[in-house]
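Look over the sequence and the model before reading on. The paragraphs below go through helix packing, the surroundings of the ligand and some details of the backbone.

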Amino acid sequence: MVGHTLDHVRQAKWDEPLIFELHRPGIVGHLFPGAEASIVSEVGPLDSLIPPEMRRSSPPALPEVSEPRIVRHFTRLSQMNFSVTSGTYPLGSCTMKYNPAVDEFCAALPGFAMLHPLQDPATTQGALELMWELEQWLAEITGMDAVTLQPAAGAHGEWTGVMMVRAYHEHVTGESGQRDEILIPDSAHGTNPASAAMAGYKVVVIPSSEEGLVDLDALKSVAGPHTAGLMLTNPNTIGVFEKDIKEVAGVVHDAGGLLYYDGANLNAIMGVVRPGDMGFDLVHINLHKTMSTPHGGGGPGAGPVGVKEGLAEFLPVPRVTRRDDGTFDLDYDHPKSIGKVKSFYGNFGVLVRAYAYIYALGGPGLKRTSELAVLNANYVAHHVSRIPGLSLPFSKDVPRMHECVISASGLKEETGVTAMDIAKRLLDFGVHAPTVYFPLIVDEALMIEPTESETREELDYLIGVLQEISREAHEQPDVVRGAPYYAAIRRLDEYRAAHPKTLTLSWRAYRRQQERAEGQD
Ligand SMILES: *Cc1c(COP(=O)(O)O)cnc(C)c1O
């Protein structure tokens with residue numbers, strides 16, 4: 001197998017204080033010569049611009065730090081972090097593909113970046129046109145008739161979609177009282193049952209079949225007069241396409257329910273198949289996963305929702321419309337709309353990136369993207385499932401789509417080394433860990449999504465590292481269990497890292513914690 005030699009990748013390690021600890025009163029980060037003076041001479045003191053009742057009584061407690069120190073601060077933090085700009089990031093279900101820099105450039109263009117959401121639509125025609133066109137493109141890609149760009153994330157899109165399912169049963173079937181259940185397969189992303197429950201529905205779980213697909217008999221036994229709808233991910237969470245999707249759709253529609261498609265990962269199907277053609281009535285897409293927005297750490301996202309014609313009247317307001325004379329406007333006049341789901345019009349910067357991404361690739365480019373994503377996932381599945389201790393559970397002879405779920409249960413039995421240990425050891429070789437222990441239906445799961453943006457050489461490196469870790473596990477299991485050694489931070493305490501009592505997310509909370517500790521001394 002070609003590829004570079006395996007090497008340990010040493011991360012930089014800085015003893016970097018918090019930005020608040022770098023605060024030195026009087027230090028100025030940036031000077032705008034004359035700006036303040038010119039405002040003062042034209043309109044009087046700056047304070048007079050702000051109505052008295054909206055002024056702060058004291059300035060905000062922001063850290064005062066010089067510009068070079070700020071730059072060093074964030075550069076140092078970035079060097080202790082891992083990102084797709086430093087190595088392969090095969091975090092399954094999250095689609096951590098490389099985001100083209102030109103899309104960042106487009107989002108930063110002043111004509112987009114400096115807009116104010118309260119501007120008169122007459123002055124934001126370009127932005128509205130971009131949103132309108134993006135809606136058309138997403139409708140085309142998903143096979144839907146109308147789209148909202150408002151939801152800020154995948155989970156938010158799901159909730160928006162389920163609220164429209166509710167509106168449909170209220171206004172169209174008149175059975176919203178009786179239809180109080182949403183059906184969800186046991187392999188689903190955790191946000192699906194959460195969204196359905198938040199929208200007030202009971203969640204009915206459908207078990208997976210031996211092949212890891214929706215169990216049709218189980219579906220038939222629960223679909224009925226209480227069914228409001230079904231939420232489904234396809235390709236499903238183990239990366240396999242639900243081959244019986246037409247039949248699944250038929251069962252749910254015959255029972256009077258709607259079909260919701262979790263399209264968070266559209267990476268396998270763009271330009272190949274469309275949820276609308278598979279019988280789905282609603283779909284959300286994670287633009288931040290599939291269409292180029294950096295999205296580690298929960299940054300801004302966008303979860304547009306597409307619907308079939310019969311559901312369009314329930315879409316959130318305002319809707320972007322094109323008038324007969326070719327100009328664009330925001331339209332609030334939809335009495336059956338579920339209302340607003342997000343302040344203003346969604347995360348506009350994410351929409352610009354998605355627009356630029358689709359514009360650059362075009363239809364054939366999107367299709368090629370999906371073909372390569374699928375090819376890469378199958379290449380990895382083929383080679384990794386042949387590594388001692390690793391295997392490909394469910395539907396062995398069925399091709400994977402954009403990701404593959406590998407089980408390390410064999411390795412755990414043979415050597416005691418777990419999926420978590422493998423994930424940590426990968427970091428020492430400069431590869432980000434895959435998603436682990438998800439989906440729950442696979443023991444010791446490693447969910448690998450290489451994406452189309454990795455080359456054959458990078459994939460061979462990833463496979464080579466996994467072979468090496470398997471060898472280490474059999475020969476010196478303690479080495480793998482002690483990893484990572486070369487990352488900026490050694491193994492975290494998984495419990496304390498996520499526990500509300502020890503998790504400190506703000507400077508104020510950190511200070512309170514310190515004061516409490518001092519009080520106890
Ligand atoms: C990521 C993901 C979601 C949730 O998307 P967020 O933007 O994180 O809210 C939902 N379903 C699937 C299948 C996903 O992979």
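A crossing of two helices is called left-handed if the near helix is turned anticlockwise from the far one by less than a right angle, and right-handed if clockwise. Helices here are DSSP runs of H or I with at least four residues, strands are runs of E with at least two, and both are numbered from the N terminus. The model is predicted, so local features need pLDDT of at least 70 and side-chain atom pairs count only at pLDDT 80 or more, while totals for chains, interfaces and linings use all residues. Residues are numbered from 1 along each chain as its sequence is written, and side-chain values use heavy atoms, with hydrogens and water left out.

Two packed helices are described by the angle between their axes and the distance between the axes. The axes are lines fitted to C-alpha atoms, for helices over the stretch in contact, and the angles run from 0 to 180 degrees between N-to-C directions. Angles under 35 degrees count as roughly parallel, over 145 as roughly antiparallel, 65 to 115 as roughly perpendicular and the rest as oblique.

Start with helix α5 (residues 125-142), which packs against helix α11 (residues 348-384) at an angle of about 50 degrees, with the axes 10 Å apart. That angle makes α5 oblique to α11. The crossing of α5 with α11 is left-handed. Helix α3 (residues 101-108) also meets α11: their axes come within 8 Å and cross at roughly 130 degrees. This makes α3 oblique to α11, and their crossing is right-handed.

Another pair is helix α13 (residues 419-428) and helix α14 (residues 456-475), which pack at about 120 degrees with their axes 10 Å apart. α13 and α14 are therefore oblique to each other. α13 passes α14 in a right-handed crossing.

Now turn to the ligand. Which residues are closest to the ligand? Ser 93, Gly 154, Asp 262, His 288 and Lys 289 are the closest of the 13 residues that surround the ligand; a residue is near a molecule if one of its heavy atoms lies within 4 Å of it. By class, this shell has 3 nonpolar, 7 polar and 3 charged residues. Ala, Val, Leu, Ile, Met, Phe, Trp, Tyr, Cys and Pro count as nonpolar, Asp, Glu, Lys and Arg as charged, and the others, Gly among them, as polar.

A polar contact is a pair of N or O atoms within 3.5 Å. An N or O atom in the side chain of Ser 93 is 2.7 Å from an oxygen atom of the ligand. For a polar side-chain atom of Asn 265, the distance to a ligand oxygen atom is 3.4 Å, and for one of Lys 289 it is 2.7 Å. The protein covers 85% of the 380 Å² of accessible area that the ligand has on its own, as found by the Shrake-Rupley method with a 1.4 Å probe. Elements giving two or more residues to the shell are α6 (154-173) and α10 (287-290); α6 gives the most, with 3 residues.

Some backbone details remain. A cis peptide bond, with omega about 0 degrees, joins Phe 438 and Pro 439. Pro 439 sits in the loop between β11 (435-436) and β12 (445-448). The peptide bond from Ala 483 to Pro 484 is also cis, with omega near 5 degrees, and Pro 484 is in the loop between α15 (477-481) and α16 (494-498).

Notes
Polar contact = N/O pair within 3.5 Å; in protein donor to acceptor, adjacent residues only side chain to side chain.
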